[in-house]
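Try each task before you read its solution.

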Amino acid sequence: NSSEFIPKCRTSRRQAREQSGEGDHHEGLSSDEELTPTEVDEFQKSKDNVLEDSRKIFEDVHADFCDIRKILLKFQEWKEKFPDSYCDAYISFCLPKLLNPLIRVQLISWNPLEQNFTELEEMPWFRAIEEFSDAENVSES
């Protein structure tokens, strides 16, 4: 019976913690979710590798094509100079797909569960998109 199995597992894990002297367990939290120091070290190394690799993604890209503000400025210029062509290209539908990889790279290290995390609205890419959207709304009206 599975309902009998769960308390036995909890009891055996609790006894194992007591015998090993682990006193950092919090009641109500599953010990299955607790990470061993080795697992924490491996996770940190893996995370550091991912962050290091993410810094290299746009190393060989010209600054005009990896900076969201500069990209949006090019689209704003296009809209001002050639509004019919801009409208015919359905740019408002294309921009999310175009900017997605750039934003994802910037969000790799973002963790909203950390105590001192940056709000999305305060991030430079968010402000750039917000300014572009405001400029687009002003020019349309």
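**Exercise 1: Q76**

At 11% relative accessibility, Q76 counts as buried, because buried means under 20% relative accessible area, with exposed over 50% and partly exposed in between (1.4 Å probe, protein chains only). This is a predicted model, where local features need pLDDT of at least 70, side-chain atom pairs count only at pLDDT 80 or more, and totals for chains, interfaces and linings use all residues. Residues are numbered from 1 along each chain as its sequence is written, and side-chain values use heavy atoms, with hydrogens and water left out.

Task: find which residues Q76 touches, not counting those up to four places away in sequence.

Solution. Start with the contact rule: heavy atoms within 4.5 Å. Leaving out residues up to four places away in sequence, Q76 touches F132 and A135.

**Exercise 2: Aromatic pairs**

Task: classify the ring pair Y90 and F93 as stacked, tilted or edge-to-face.

Solution. First, the rule: rings of Phe, Tyr and Trp (its six-membered ring) pair if their centres lie within 6.5 Å; planes under 30 degrees apart count as stacked, over 60 as edge-to-face and the rest as tilted. This rule gives five aromatic pairs. Next, the centres of Y90 and F93 lie 6.1 Å apart with planes at 40 degrees, so the pair is tilted. Both Y90 and F93 are exposed.

Solution. W110 is partly exposed at 25% relative accessibility, and F117 is partly exposed at 29%.
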